Amino acid sequence: MHRIVTKRELVSHINLFEFSAKEIAAKVKPGQFVILKVDEKGERIPLTIAGADVEKGTITVVCHEVGKTTRRLGSLKDGDCILDLLGPLGKPAEIRKFGTVLCIGGGVMVAPLHFQVRAFREAGNVVIGVVGARTANQLIFEDEMRQVCDELYVATDDGTKGYKGLDFLGDLFKERRTDRVVAVGPIVMMKTVSELIRPFGIPTIVNLIPVMVDGMGMCGACRVTVGGKTMFACVDGPDFDGHQVDFEELVTRMKMYAPQEKLAFVFYEKGGRSL
Amino acid sequence: MSKPKAKIRKEVVPMPKQDPKQRSRNFNEVALGYTEEQAVSEAERCLQCGEAQCVKGCPVEVDIPAFINLIRERRFGEAIRKVKEKNSLPAVCGRVCPQEEQCQANCTLGKVGDPVSVGRLERFVADWEREQGYEISQKSTSTGMKVAVVGAGPAGLTAAAELAKLGHEVVVFEALHKPGGVLIYGIPEFRLPKKIVEAEAEYIGKLGVAIKMNVMVGKLYTLKELLERFDAVFLGTGAGLPLFMRVPGENLCGVYSANEFLIRVNLMKAYAFPEYDTPICVGERVAVVGGGNVAMDAARCALRLGAREVKIVYRRSHEEMPARAEEIENAEEEGIIFEFLTNPKRFIGNERGWVKAMECIRMCLGEPDESGRRRPVPIEGSDFMMDEDTVVIAIGRSPNPVIQQTTEGLQVTKWGTIVTDENGKTNIEGVYAGGDIVTGEATVISAMGAGKKAARAIHEYLMNKK
């Protein structure tokens with residue numbers, strides 16, 4: 001059992017959780033994730049770790065309510081418990097001195113990106129940050145990112161705040177020498193960034209969290225094609241070279257259970273837990 | 001021991017099973033187990049040989065004639081205690097051991113008729129005990145030594161039970177959220193009900209073993225860190241990585257590894273979706289590629305999940321199938337179709353990225369290969385299409401690599417298995433290993449045998465250290 005030390009709604013339907021998980025907190029590195037299961041009948045879902053407090057013995061995750069499990073998680077309060085928490089899983093992000101790193105985060109994934117940015121700064125990099133969301137009132141961690149980035153840009157899909165879309169990255173790139181790009185967010189966004197950066201030939205790292213079950217290499221649900229080879233995102237990743245990822249296949253595989261996910265969500269919303 | 005005077009019946013007492021028509025649509029256990037009368041009647045067939053050959057076929061050396069004799073005398077409590085002297089998971093072994101290749105293959109009675117059904121009798125006494133409530137034998141005095149066991153599968157649980165009985169303090173670390181390893185995630189409910197695995201794990205807990213879930217050694221702690229906290233470590237991490245065919249189209253939606261398919265169904269109970277949250281997609285036509293027990297399990301699960309037609313696609317012929325005869329027979333009875341001497345070449349998807357067909361090639365059998373089985377050779381020009389909307393790849397599993405990758409200096413083979421001596425000792429002092437992580441994918445009982453051997457070696461090591 002893992003207790004929720006703090007739960008905070010950042011914006012509508014996006015929640016931050018601090019879970020009591022002393023041992024994970026002591027071991028986690030930016031880029032890694034946990035698998036959690038809310039209760040006995042729950043599914044195992046992967047969530048990228050957005051921070052850890054070794055002294056408090058807690059880890060932070062931020063999660064968007066998009067289906068039954070995340071909605072149920074969102075219904076929990078401070079002091080409530082979840083049944084299972086496994087981690088840290090996956091390989092840590094490659095953090096060392098690259099020079100100037102462009103870190104682009106979208107949606108809830110801005111929170112785990114923030115964890116990486118702090119590490120990039122500590123390693124002596126200049127960090128240019130970009131935070132994005134669908135629309136202005138869905139933006140999270142803007143202030144937190146501003147505090148740790150050398151400069152920060154804001155973008156929204158609908159242009160309600162900052163740049164509209166990510167096309168400005170092309171110009172930004174021409175002006176600024178960048179040694180590495182890190183894109184963490186929705187698949188479409190990571191694909192767009194990878195394509196925008198491709199002509200410049202700069203390594204672009206994306207963080208892939210596809211459908212997973214065990215999260216430790218046993219099932220292969222999370223397989224992605226990278227450079228023509230099948231990889232397991234859970235153990236070979238979650239970070240991959242965005243210029244090598246078959247995003248189309250990934251998008252298709254992410255939708256594999258969409259009808260069931262919808263069904264479970266509707267049942268849950270209508271009837272609560274039991275059927 | 002006195003031999004029974006009456007003429008020995010040559011035929012085994014049949015075990016009641018669920019009707020194939022009915023059972024192919026539910027997840028309840030197929031084999032229903034002996035009644036007391038049936039068990040006693042089967043036990044009476046045992047010749048009580050002076051030099052029992054059956055025991056030599058048992059990887060954990062259960063005193064088979066002795067426990068069968070106790071059943072014959074209706075002393076069931078003593079019978080299960082006799083089994084448990086050597087075997088900590090009898091209800092599991094009675095169900096999933098390949099007895100026909102082990103104890104029963106050596107049975108003297110087998111030369112003139114059916115061998116005594118040791119497995120069914122073992123299952124009977126184990127189930128009898130579970131219904132009565134477990135009796136815990138006296139624990140040995142504490143040795144003050146601490147042992148970590150990595151992996152709560154058959155090897156790890158057996159090693160843990162043996163070490164606890166010898167008075168060591170044992171902590172088992174399991175990466176999944178439930179103990180049992182392949183018993184809980186791999187073998188389906190209808191062959192091994194999960195409440196039985198839970199009960200056996202609970203029994204091991206009562207022996208004083210602490211089982212900690214959701215701990216992935218190699219990630220949360222390294223092996224080196226465990227060695228700082230424990231006097232010895234047993235690694236029973238198993239063979240849990242799925243092998244794929246590496247042919248085009250394998251990442252289409254609807255193509256599963258057997259591991260994913262079975263983990264969803266067994267561990268996550270996807271058959272009870274949406275009461276349980278984990279979904280599974282099973283279409284009308286399912287092809288399972290492979291010929292082992294895992295392939296049979298996946299095929300029979302698919303049928304129970306509502307598939308109209310389920311095929312086993314195997315590149316060799318019936319004789320070479322590694323699955324147990326009993327499981328093949330069960331699958332046949334339930335209406336699984338077998339396509340022998342057939343191998344997929346690629347998978348073809350529809351416009352939405354879902355598998356719709358499988359291009360296959362016919363095979364013939366050539367010279368025997370290193371496994372001793374005749375090597376399948378493709379027949380040029382025999383390609384044909386099979387329409388399938390779900391495919392399960394059940395061609396084997398490879399060793400879990402995390403501990404090997406995160407432990408400097410641990411000796412490993414080119415297949416990724418851990419190198420040990422015959423007692424499970426690795427090249428690192430105080431570290432032992434056993435089961436699939438050493439042998440590659442094998443049986444539950446051979447893993448248990450390895451766990452037991454290693455436990456003895458660990459005990460000896462600790463006593464000398466003391």
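1. Accessible areas here come from the Shrake-Rupley method with a 1.4 Å probe, and for residues only the protein chains shown count as cover. On that basis the accessible surface of chain B comes to about 18700 Å², with 49% of it belonging to carbon and sulfur atoms, while chain A exposes about 11200 Å², of which carbon and sulfur atoms supply 51%.

2. On provenance, this is a predicted model, in which local features need pLDDT of at least 70 and side-chain atom pairs count only at pLDDT 80 or more, whereas totals for chains, interfaces and linings use all residues. Residues are numbered from 1 along each chain as its sequence is written, chains are lettered from A and ligands numbered from 1 in the order in which they are written, and side-chain values use heavy atoms, with hydrogens and water left out.

3. Chain B contains 17 helices and 16 strands, where helices (H or I, at least four residues) and strands (E, at least two) are DSSP runs numbered from the N terminus. Its radius of gyration, taken over C-alpha atoms and judged against a globule rule of 2.2 Å times the number of residues to the power 0.38, is 23 Å, which agrees with the value near 23 Å for a compact globule of 466 residues. The C-alpha trace of chain B spans about 65 × 60 × 50 Å along its principal axes.

4. Chain A has nine helices and 16 strands. The radius of gyration of chain A is 18 Å, close to the 19 Å from the globule rule for 275 residues, so chain A is as compact as a globular protein of that length. Along the principal axes, its C-alpha trace spans about 55 × 40 × 35 Å.

5. Buried residues (under 20% relative accessible area, with exposed meaning over 50% and partly exposed in between; 1.4 Å probe, protein chains only) make up 60% of the 466 residues in chain B, and 60% of the 275 residues of chain A also count as buried.

6. Taking contact to mean heavy atoms within 4.5 Å, 70% of the contacts in chain B with a separation of 6 or more are between residues 24 or more positions apart; for chain A, the corresponding share is 66%.

7. Leaving aside neighbours within four places in sequence, Met189(A) is in contact with Ile104(A), Gly105(A), Gly106(A), Leu166(A), Ala183(A) and Val184(A).
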